[in-house]
Amino acid sequence: MDLYEKLLEVSRLFRIEYDYLGYETIQMGNVNRTYKVNFMLPEGKPKSFLVQNVNTYAFRNPVGLMENIDKVTEHIRRKKPGQTALHFHHTADRKTYVIDGENFWRMTNYVPSVTYNVVKDLDIVRNAGMAFGEFQTELMDFDIHELIETIPGFHNTRKRYESLGEAIRLDPVGRVAQVGPEIRWLMEVQDLACKLTDLQMAGELPLRVTHNDTKINNVLFDPQTNQGMVVIDLDTVMPGLMGHDFGDAIRFAGNFVEEDCPDYEKAGVDLEVFRAFAQGFLSQTAQSMTRKELDTLSLSCFALTAELCVRFLDDYIRGDKYFKINSPDHNLVRTRCQIALAKDMLEKMARMEQIVRECAAQL
Ligand code: GN1
Ligand code: MG
């Protein structure tokens, strides 16, 4: 069965009975596969849904993952009745997924909106900061014990380094010889990169319900007002640190270039974007943040960037099993671009810390 028919079959299992028009592949995310599936309503208007094929290599317990998402979206919907929300469709037997062989499918409403991969407009960046900050505050009274870890140790940087060490020892596809400088640099900065994890383990930073994958393209914006409408991609919502969300957002949106830009020398953190995001994020979260959380926000940016360097390099060395790639050296390019960004963050750390203090003082 080809994808055209498969997406129709899946849609019917989610009880969508309209006339099928076909599908479009959505270039979104490096892990799952996403399709916009189009139908025609009886009154002659088009209607679309998003169908996703969840990557079960990355998410070993997709059923548990859907339970997490169900609980979290339900909690948010109760707090914001009437506002745009993610809504997962159910099958006849009330499941939010369809399993066929290796494939795990789910379906959500399609929200007409805009998303951005690179944003220079500081108002939009501030709005993104608000959206992610608000997401955290909405979940502050949600019991973290209700959630399973969809990817155990997801932001445990020490574990990520251990996995990289193992990949280097195994060298399964003979790529280690090409990446000596990258490995050496990552090993040099290991303790600083792992400092957030160490503080977490020592109980010095509180566990919260966090999104854990706060790329700016995970915020849907209203096309007219550019206000954040809804935060999407909830697969990694689980217990985490506030700095994970702040740090990963800056890693992505704060970079002068896209995360896989081959002109490495252009990568770096844009301090104006950093300031705007911090303003938005802190406007929602500062009240509930501990002193230590505030003081480690800038460090988090470096930690999350270095951690992703480790993950991209690990995947490159293991033969590209985890992240989707569009060229054989894609993971290597990503690694190098993220290393350039992380180096720039180290140079600008004192200024970033200063900006966080200024933003907090202005609230
Ligand atoms: C993956 O699939 P996507 O784009 O939402 C990854 C993130 C990385 C990101 C890097 C579950 O996110 O952790 O930061 O790629 N998600 C997972 O682009 O591993
Ligand atoms: Mg994601």
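Which side chain meets glutamate 24 in a salt bridge? I started my notebook with this one, keeping in mind that the model is predicted.

**Entry 1**

I found that the partner is lysine 36, with 3.9 Å from N to O. Next I looked up where the two residues sit. I then asked for the total, and the count came to 26 salt bridges.

**Entry 2: two domains**

I checked how the chain is divided, and I got domain 1 (3-109) and domain 2 (122-361). Their C-alpha centres lie 27 Å apart. How many residues of each domain are in contact with the other? I noted 27 residues of domain 1 and 27 residues of domain 2.

I also looked up the area buried between domain 1 and domain 2, which is about 2,500 Å². Carbon and sulfur atoms give 60% of that area. On the domain 1 side, I wrote down three names: Asn30, Asn68 and Val72. Together they supply 24% of the area that domain 1 buries against domain 2, more than any other three residues.

**Entry 3: what joins the domains**

I counted four salt bridges between domain 1 and domain 2. I also looked at lysine 71 and glutamate 146, whose side chains meet in a salt bridge at 4.0 Å, N to O. For polar contacts between the domains, I noted 14 residue pairs.

Which helix gives the largest share of the side of domain 1 that touches domain 2? I found helix H2 (residues 62-79), with ten residues. I sorted that side of domain 1 by class as well: eleven residues are nonpolar, ten are polar and six are charged.

**Entry 4: around ligand 1**

My last stop was ligand 1, which 17 residues surround. The closest are Asn30, Lys215, Glu259, Arg311 and Tyr322.

I finished with some distances from oxygen atoms of ligand 1 to side-chain N or O atoms. For glutamate 259 I wrote down 2.4 Å, and for arginine 311 I wrote down 2.8 Å. Arginine 251 has a side-chain N or O atom 3.5 Å from an oxygen atom of ligand 1.

Methods. Residues are numbered from 1 along each chain as its sequence is written. Chains are lettered from A and ligands numbered from 1 in the order in which they are written. This is a predicted model: local features need pLDDT of at least 70, side-chain atom pairs count only at pLDDT 80 or more; totals for chains, interfaces and linings use all residues. Side-chain values use heavy atoms; hydrogens and water are left out. Domain bounds come from an automatic or database domain assignment. Contact means heavy atoms within 4.5 Å. Buried area is the accessible area (1.4 Å probe) that two parts lose on being put together, summed over both. A polar contact is a pair of N or O atoms within 3.5 Å; within protein, one must be able to donate a hydrogen and the other to accept it, and residues adjacent in sequence count only if both atoms are side-chain atoms. Helices (H or I, at least four residues) and strands (E, at least two) are DSSP runs, numbered from the N terminus. Ala, Val, Leu, Ile, Met, Phe, Trp, Tyr, Cys and Pro count as nonpolar, Asp, Glu, Lys and Arg as charged, and the others, Gly among them, as polar. A residue is near a molecule or strand if one of its heavy atoms lies within 4 Å of it.
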